[in-house]
Amino acid sequence: MRRDRATRRGRGRQVPVEEELRAAVAAFRRNNMYAAEDACHRVLQRDRANVDALRLLAQIMEVHERFDAAASYYRKCLAARPREASLLVALARLSLRAGRTEDALDELDRALALKPDDAVARVDKAFVYDRMGRYADARALLEGLTAPPDLQPYIALCRCTVAHNDGQYELALALADAYVHDEAVPANTRVGLAFLRGQAFDKLGDPERAMESWRLGNRLMQRPFDPPSYRRHIDELIAFFSENMMEALPRSSIESETPVFIAGLPRSGTTLTEQIIDAHPRGFGAGELKDLEHVRNELPERLAGAEPYPRGLCRLTPARADELAEAHLARLAELSGGAARVVDKALENPRLLGMIALLFPRARVIHCRRDPVDNGLSIYMNRFNPAKHPYATDLRHIGFVCRQADRLMEHWRRVLDLPILQVQYEELIGDPEPMTRRIIEFCRLEWDEACLRFHESRRAVMTPSYHQVSRPIYQSAVERWRTYEAHLAPLLEALAEDA
């Protein structure tokens, strides 16, 4: 590390690079990502190849879910330290999150070539094999693996994941039970084991212990959630995006029909719908893109002097709307290789539809909906990022958010001039072909039988639904809630309340 010093503007004090780095790390640990990022950039102004600052910036970008930026920073680290295996492991995890399983395997193989005894790289490679359905290969990697005691729970999580996804539920339970109640084990690992344990008990027909496991996993993840604040946010969107405002706000002149936006709650059939369109030769599933979420968050910077979203859109001009739309379309073309229809199923889409209508006046919206009790239970029994979905760990809060989601979508149907197709989950899986044909026709694509064979796609899906959409449609999730009815009073009560 260079020992040069620099002067911070303001007080004129010379600040060593080491002090700036300590400040960045301290801010990161306090979850003050913006202060951490600023400190890192101050370091890089004086030392462009400072690996510690670049690595921390990559971690900050991961927190912000800016995975392309994170990968770019890790590559800069690798340029300075090409033989550091941990950087390749970090890159592989980003590749896996983006669904690039072959890239992840390549990066992990390079890490293992540099450090053959790297147990973390071997376990991560086993996770990639699991995602690809190569369970025997995953198990072979883990056999005879020696690792320090603090890594054993992580290895158990990987073994448990492979066993569960390969249908070995009793083995998955045995592996989970070894660590899930051990408070010395990192909470993140215990959470993963708890959810796998619950799903294994569900498969084995033991709802009592399944629910007990999901309660544990959700309790370990719990974050504060304020229903009144959430309701006020929905109120603000509905009040701002009135019929009069939608008529007054400028729109882009972009007439592309490429973007297709799926709007729906988690576990409502969004991934299944995306997979159907992706199976079409002219369709592409882009997954849960964060690009428009970043546009929303950065409105004050992108539109000089603008207020935060949604009021900041008052400063939008037709020319700026064109620029934003063209930049996004270029991103879609890069991702899809120029597909005719590119599907974005970001979970933020329902709250972004007002802005989407301004940027893409020829876009199409598919609203995925599911029986709210089944939907609520499915959210509770699957693991979601609590920073993004703090409501998902509490049944009453889930029911509340379901009602708010319905209220917001009802509003969009009234005020938007975008075509919106509602896809009811139960209707889609009960008789797939008619609804599948409607989806493809709605996207203005010619019919292709491949859309009924979506499960044959080798595309990597990076949501909790990835195993469901890799096999033919099944109906066991319909009215699953009746098995758990005795435990669902908070959810049922919240769904019965006025929104």
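Start by selecting Phe 225, Tyr 230, Tyr 391 and Phe 400, which form one aromatic cluster; rings of Phe, Tyr and Trp (its six-membered ring) pair if their centres lie within 6.5 Å, with planes under 30 degrees apart counted as stacked, over 60 as edge-to-face and the rest as tilted. By this rule the count comes to 10 aromatic pairs.

Before going on: this is a predicted model, where local features need pLDDT of at least 70, side-chain atom pairs count only at pLDDT 80 or more, and totals for chains, interfaces and linings use all residues. Residues are numbered from 1 along each chain as its sequence is written, and side-chain values use heavy atoms, with hydrogens and water left out.

Phe 225 is in the loop between α12 (207-221) and α13 (227-240), while Phe 400 is in helix α21 (residues 395-415), 175 residues apart. Phe 225 is buried at 16% relative accessible area, and Phe 400 is buried at 11% (buried means under 20%, exposed over 50%, partly exposed in between, with a 1.4 Å probe and protein chains only).

Next stop: helices α9 (residues 152-165) and α11 (residues 187-203), whose axes come within 10 Å and cross at roughly 25°. That makes α9 roughly parallel to α11 (angles under 35 degrees count as roughly parallel, over 145 as roughly antiparallel, 65 to 115 as roughly perpendicular and the rest as oblique). For the contact (heavy atoms within 4.5 Å), show residues including Tyr 154 and Leu 157 of α9 and Leu 193 and Leu 196 of α11.

Technical notes: Axes are lines fitted to C-alpha atoms, for helices over the stretch in contact, and angles run from 0 to 180 degrees between N-to-C directions. Helices (H or I, at least four residues) and strands (E, at least two) are DSSP runs, numbered from the N terminus.
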